[in-house]
Amino acid sequence: MEILGTTLRICVDDLEAAVAFYEGLTGTPAQRFERGGVSVAAIGCFLLMSGPASELEVLRKVGATIAVKDVDEANAALTRAGARIVAGPVPTPAGRNLIALHPDGSVFEYVDRKVTV
């Protein structure tokens with residue numbers, strides 16, 4: 001499995017204040033979208049999320065988002081290595097993702113940019 005990069009997931013109360021800070025820090029404009037009642041802003045390697053407490057509680061359990069070349073390949077490699085796939089693979093606005101529980105208890109999201117229509 002080829003890992004292309006990692007995105008740090010940050011749940012925030014005030015998305016607008018956080019966006020201003022991280023745009024200033026990185027010099028990169030936010031890319032925004034909504035998913036499941038959660039407002040999301042991607043800025044450089046940071047993924048800011050704000051929304052209902054019940055949704056954020058679930059999102060906080062995922063340690064990071066890991067970009068991979070192919071989610072299907074990641075699925076196979078993770079399963080061979082002993083991880084348990086707890087969600088996905090599923091299509092998202094930016095590609096496909098899955099959520100994996102590693103044997104040590106860590107939870108990570110794996111994503112690719114293969115948009116399916």
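Colleague: What does the side chain of Asp-112 reach at 2.8 Å?

Modeller: First, the criterion. A polar contact is a pair of N or O atoms within 3.5 Å; within protein, one must be able to donate a hydrogen and the other to accept it, and residues adjacent in sequence count only if both atoms are side-chain atoms. Here the side chain of Asp-112 reaches the backbone nitrogen of Val-71 at 2.8 Å. The side chain of Asp-112 also makes a polar contact with the side chain of Arg-96, at 2.6 Å.

Colleague: What are the ground rules for these values?

Modeller: This is a predicted model: local features need pLDDT of at least 70, side-chain atom pairs count only at pLDDT 80 or more, and totals for chains, interfaces and linings use all residues. Residues are numbered from 1 along each chain as its sequence is written, and side-chain values use heavy atoms, with hydrogens and water left out.

Colleague: Is Asp-112 buried or exposed?

Modeller: Buried means under 20% relative accessible area, exposed over 50%, partly exposed in between (1.4 Å probe, protein chains only). Asp-112 has 2% relative accessibility, so it counts as buried. Asp-112 lies in strand β8. Helices (H or I, at least four residues) and strands (E, at least two) are DSSP runs, numbered from the N terminus.

Colleague: How should I read a helix start?

Modeller: Look for a side-chain oxygen and a backbone nitrogen. At the start of α3, a side-chain oxygen of Asp-70 reaches to within 2.8 Å of the backbone nitrogen of Asp-72. At the start of α1, an oxygen of the Asp-14 side chain comes to within 3.2 Å of the backbone nitrogen of Glu-16.

Colleague: Which residues of α3 are buried?

Modeller: An α-helix has 3.6 residues a turn, so residues three or four places apart point the same way. In α3 the buried residues are Val-71, Ala-74, Ala-77 and Leu-78. They cover an arc of only 120° around the axis, so they sit on the same side of α3. The arc is that of the directions from the helix axis to the C-beta atoms. The cover over these residues includes β5, β6, β7 and β8. After α3 comes Gly-82, with a positive phi near 105°.

Colleague: And which residues of α1 are buried?

Modeller: Leu-15, Ala-18, Val-19 and Tyr-22 are buried in α1. These fall within an arc of 100° down the axis, so they line one face of the helix. The face turned away from the buried side carries the exposed residues Ala-20 and Gly-24.

Colleague: How many residues does the largest nonpolar core have?

Modeller: In soluble globular proteins, nonpolar side chains tend to be buried together. A nonpolar core is a set of buried Ala, Val, Leu, Ile, Met, Phe, Trp, Tyr and Cys residues joined through side-chain atoms within 4.5 Å. The largest has eleven residues, including Ile-66, Val-71, Leu-98 and Phe-108. Two or more residues each come from β5, α3, β7 and β8. Another core, of nine residues, lies apart from it, and includes Leu-15, Tyr-22, Ala-41 and Ile-43.

Colleague: Why is β4 largely enclosed by the rest of the structure?

Modeller: Five of the five residues of strand β4 (46-50) are buried, so the rest of the structure largely encloses it. Phe-46, Leu-48 and Ser-50 point one way, and Leu-47 and Met-49 the other way. Two strands pair if DSSP finds at least two bridges between them. β1 and β4 pair in the parallel sense over four bridges. β3 and β4 pair in the antiparallel sense over five bridges.

How values were computed. Contact means heavy atoms within 4.5 Å.
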